[in-house]
Amino acid sequence: MARAKRDVMKALADARPEALDPERLAGSPRQQRDLEQIISAAITPARPRSVRRWLPVGAVGAVAAVAAGIVLFAPTQPSFPDVNRVLVDAANKLVEPGPEGTYWETKTRHSSTWPVAAGDRRFALVIEEEREVSLGRKPESKSRAVSGLNAVTRPRTLADEQAWRAAGTPASAQLLSDVGVREGAVALGQRPPAIKPLPWLSGREDHAGLPKDADGLRRHLTERYREEAGAGTVSDAWLVDRARELITSPVAKETRAAAYEVIAGTAGVRSLGERADPLGRKGNAIALPTRRDDALGLVEQQLIIDPGTGLPLASQEVLVVPGASAASVGLAAGDIVRSETLLGLGWTDQQRDIPGAIGPR
Amino acid sequence: MAEADQFRELYNACYPRVLAYASGHVGRQLGEDVVSETFAVAWRRRHEIPVPPLPWLLGVARNLLRTSRRTEIRQYELAAATARHEQFGEDTGGIVTERAAVLAALRTLPESEQELLTLVAWHGLTPKEAAKVLGCSTATFAVRLHRARRRLEKAVADTQDAAVGGRS
């Protein structure tokens with residue numbers, strides 16, 4: 001059978017599935033909704049391109065390559081301090097953690113928002129708790145994490161409480177997700193504290209031997225990620241969280257400063273100016289790149305740094321574009337959906353008794 | 001609000017094409033999430049967006065798809081399988097039309113080659129623009145496109161022969 005030979009690229013172009021025809025994809029309600037949310041959530045101007053004083057040229061290659069061409073938007077004058085300045089200042093303010101005790105203790109307050117369903121009602125719950133982590137300086141000291149202190153799970157707003165009441169004040173509710181059915185329910189009300197044993201301070205990695213420069217620290221953390229995750233590329237969010245942990249750890253000042261440099265080297269990090277943390281303490285805020293959360297939608301992580309001590313007062317996540325589940329319970333762009341607030345840190349010689357706690361003492 | 005207006009213009013002009021690209025990988029539903037994330041990144045980095053913006057936007061979307069593939073493997077694979085089903089149909093046995101033959105042939109190529117070919121044939125990018133999306137040089141892209149194209153030609157011929165043979 002004779003076949004007329006035809007340009008295969010033309011044949012391929014003609015074979016494009018109808019579902020991928022841009023004309024069919026234009027003008028959906030979601031298109032407009034997303035646009036308004038993206039613009040309205042961005043209360044702050046983006047940071048104009050600037051030279052990253054801390055980084056070798058290679059690290060900003062991707063940005064620099066683009067910067068060399070024509071850009072659509074002319075850079076505006078910065079309204080906020082340069083993000084590198086904020087982080088350099090914070091690193092410079094860090095002090096050595098003082099004379100050593102038996103345990104390094106950090107106390108934090110955690111809050112997270114969850115879209116849930118009970119019966120035919122949907123609403124948002126907030127899970128709140130405090131944690132105390134005390135890590136022994138020596139292998140023989142009993143390191144532990146206490147979670148569930150002053151813990152409560154409650155409807156987020158008055159409207160959420162009304163929805164919960166309308167559902168018959170159930171003791172638990174089903175977690176919602178944007179990616180199919182999420183297994184598991186969350187119980188409302190209070191819960192007792194729990195104690196979990198942990199490795200000692202240098203049990204996971206040699207704190208004293210940690211790199212004291214940003215490149216070395218980034219390499220070290222990347223290797224640790226590969227050990228933990230097996231493979232794959234380390235995400236910025238993971239790096240930033242580990243860096244933040246180090247800043248509140250009793251490691252050398254230089255390592256903590258390097259951790260701030262790792263954060264500054266994250267693509268898309270920018271300054272937000274002065275913001276208050278969940279306890280109302282003011283600090284310099286920086287924003288990290290957005291990420292997608294299965295339960296909530298597109299969220300932006302923000303760090304609020306105490307200009308006095310250089311310590312991160314809080315890390316919080318702000319909703320940028322609510323996902324379907326979040327939108328169905330009334331969560332909107334700009335809502336703070338998660339936070340971890342630093343209550344205190346330092347050396348201590350004893351671990352306090354936790355009455356009623358579950359787990360080993 | 002001049003910046004916001006300018007961004008609206010860019011958004012409305014590019015949205016359908018970025019969505020077509022993302023939907024081609026993971027279907028419409030997850031594709032819309034990826035596009036939303038792409039433009040959130042674009043708004044934040046609006047001072048870096050080059051002219052023309054489309055290859056840059058597709059590059060951002062491509063990175064997000066890759067990240068999503070790494071971190072949410074099951075969800076991604078499910079969405080990708082659904083997208084393939086939507087686009088290619090379930091069964092390609094008894095192929096008669098050229099369109100079906102081309103799609104069936106495309107599916108036999110490695111994903112990287114499918115991407116090269118569809119960036120040009122379905123998403124209307126020039127080789128220079130497509131090279132920017134993939135982060136390679138135009139020359140490298142041209143070589144890879146040439147190779148992929150020849151493999152597609154061969155696969156189309158094989159598919160048609162198989163279909164003809166199968167019917168006789």
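Reader: Which residues touch the most other members of the largest nonpolar core, and what makes a set of residues a nonpolar core?

Author: Of the 63 residues in the largest nonpolar core, Phe7(B), Val18(B), Phe39(B), Leu117(B) and Leu152(B) touch the most other members. A nonpolar core is a set of buried Ala, Val, Leu, Ile, Met, Phe, Trp, Tyr and Cys residues joined through side-chain atoms within 4.5 Å. Buried means under 20% relative accessible area, exposed over 50%, and partly exposed in between, with a 1.4 Å probe and protein chains only. The greatest contribution to this core, 20 residues, comes from helix H1 (residues 2–44) of chain B. Apart from it lies another core, of 31 residues, including Leu87(A), Leu239(A), Ala243(A) and Val269(A).

This is a predicted model, in which local features need pLDDT of at least 70 and side-chain atom pairs count only at pLDDT 80 or more, while totals for chains, interfaces and linings use all residues. Residues are numbered from 1 along each chain as its sequence is written, chains are lettered from A and ligands numbered from 1 in the order in which they are written, and side-chain values use heavy atoms, with hydrogens and water left out.

Reader: What does Leu117(B) touch, not counting residues up to four places away in sequence?

Author: With contact taken as heavy atoms within 4.5 Å, Leu117(B) touches Met9(A) and Leu12(A) in chain A. In chain B, Leu117(B) touches Leu106(B), Leu109(B), Trp122(B), Leu145(B), Ala148(B), Arg149(B) and Leu152(B).

Reader: How do you know where the buried residues of H6(B) lie around its axis?

Author: The buried residues of helix H6 (residues 127–134) of chain B are Ala130(B), Ala131(B), Val133(B) and Leu134(B). Seen down the axis of H6(B), they fall within an arc of 155 degrees, so they line one face of the helix. The arc is that of the directions from the helix axis to the C-beta atoms. On the other side of H6(B), Lys128(B) and Lys132(B) are exposed.

Reader: What makes the phi of Asn150(A) and of Thr169(A) worth noting?

Author: Most residues other than glycine have a negative phi. Asn150(A), in strand E3 (residues 144–155) of chain A, has a positive phi of about 50 degrees. With 59% relative accessibility, Asn150(A) counts as exposed. Thr169(A) has a positive phi near 40 degrees, and its relative accessible area of 39% makes Thr169(A) partly exposed.

Technical notes. Helices (H or I, at least four residues) and strands (E, at least two) are DSSP runs, numbered from the N terminus.
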